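The exercises below concern a single protein model, and each task is followed by a solution that goes step by step. Please look over the sequence and the structure before starting.

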Amino acid sequence: MLLRIPCLLTPDEVRYCRQALEAASWQDGKTTAGHVAAQVKSNLQLPLDSKTGQQIGDLILDRLGRNPLFMSAALPLKVLPPRFNRYEGGGTYGNHIDNAFFTIPGTAIKVRTDVSTTVFFSDPDEYEGGELMVEDTFGQQSVKLAAGDAIIYPGTSLHRVNPVTHGTRYASFFWTHSLVKSAEQRRLLFDLDQSIQQLTQEQPEHPRIAALSGTYHNLLRMWSES
């Protein structure tokens with residue numbers, strides 16, 4: 001499931017983050033790539049111990065925790081601290097699939113990459129190229145969203161970032177270890193949850209709401225790994 005999360009960050013928050021990112025010190029993105037990924041990766045990243053990255057990352061995680069769409073779709077158990085990249089001057093990242101696990105820096109805690117997230121800090125008219133291309137069950141999807149928006153998609157997806165031929169593309173990327181490992185099961189739970197919420201809004205006294213909610217939680221209990 002590929003899902004847009006609109007307005008995760010407010011315009012004021014985006015401006016604050018952009019100013020901080022533009023003033024930050026960046027390093028070659030290959031430093032965090034494995035041997036295979038390094039062959040197709042050409043971008044800049046904030047160092048993992050960057051104070052700027054940690055501050056903006058905390059803001060993102062706070063907003064995600066308050067976002068019902070993300071919580072419903074990702075069913076997060078653990079979230080890797082957000083990372084940040086910058087593409088310009090032809091920068092690109094060729095086709096790849098992310099590692100199955102990452103370790104939270106400074107700990108022994110491993111995060112399985114069930115759900116990938118990208119948060120955009122540059123508006124589409126600020127740069128040319130730079131589309132996030134994701135292969136899913138419906139074919140290849142092209143993603144280029146407004147600053148402050150986020151996109152989530154299965155971590156198992158083949159994806160790439162097209163070359164940025166003009167301007168600069170700033171973004172954050174990270175992964176969520178979900179309560180439910182299967183992307184298909186997460187999609188079913190998401191669809192059921194959204195239907196229950198819509199029914200609750202339209203007919204709050206409907207007699208089947210409690211039964212449907214019970215079915216949702218029983219499925220979550222059955223499929224959850226924690």
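The model is predicted, so local features need pLDDT of at least 70 and side-chain atom pairs count only at pLDDT 80 or more, while totals for chains, interfaces and linings use all residues. Residues are numbered from 1 along each chain as its sequence is written, and side-chain values use heavy atoms, with hydrogens and water left out.

**Exercise 1.** Describe the interface between domain 1 and domain 2.

*Solution.* Begin with the division itself, which places residues 3-178 in domain 1 and residues 183-223 in domain 2, the bounds coming from an automatic or database domain assignment. The centres of the two domains, taken over C-alpha atoms, are 30 Å apart.

Next, consider contacts (heavy atoms within 4.5 Å): 10 residues of domain 1 touch eight residues of domain 2. The buried area, meaning the accessible area (1.4 Å probe) that two parts lose on being put together, summed over both, is about 670 Å², and carbon and sulfur atoms give 62% of it. On the side of domain 1, Ser72, Ala73 and Leu75 lose the most area to domain 2, together accounting for 57% of what that side buries.

Helix H4 (residues 68-74) contributes the most to the side of domain 1 that touches domain 2, namely four residues; helices here are DSSP runs of H or I with at least four residues, and strands are runs of E with at least two, numbered from the N terminus.

**Exercise 2.** Which residue forms a salt bridge with aspartate 12, and how far apart are the closest N and O atoms?

*Solution.* The structure holds 11 salt bridges. In one of them aspartate 12 is joined to arginine 15, with the closest N and O atoms 2.1 Å apart. Because aspartate 12 and arginine 15 are three residues apart in helix H1 (residues 11-23), about one helical turn separates them.

Definitions and conventions: Salt bridge = Lys/Arg side-chain N within 4 Å of Asp/Glu carboxyl O.
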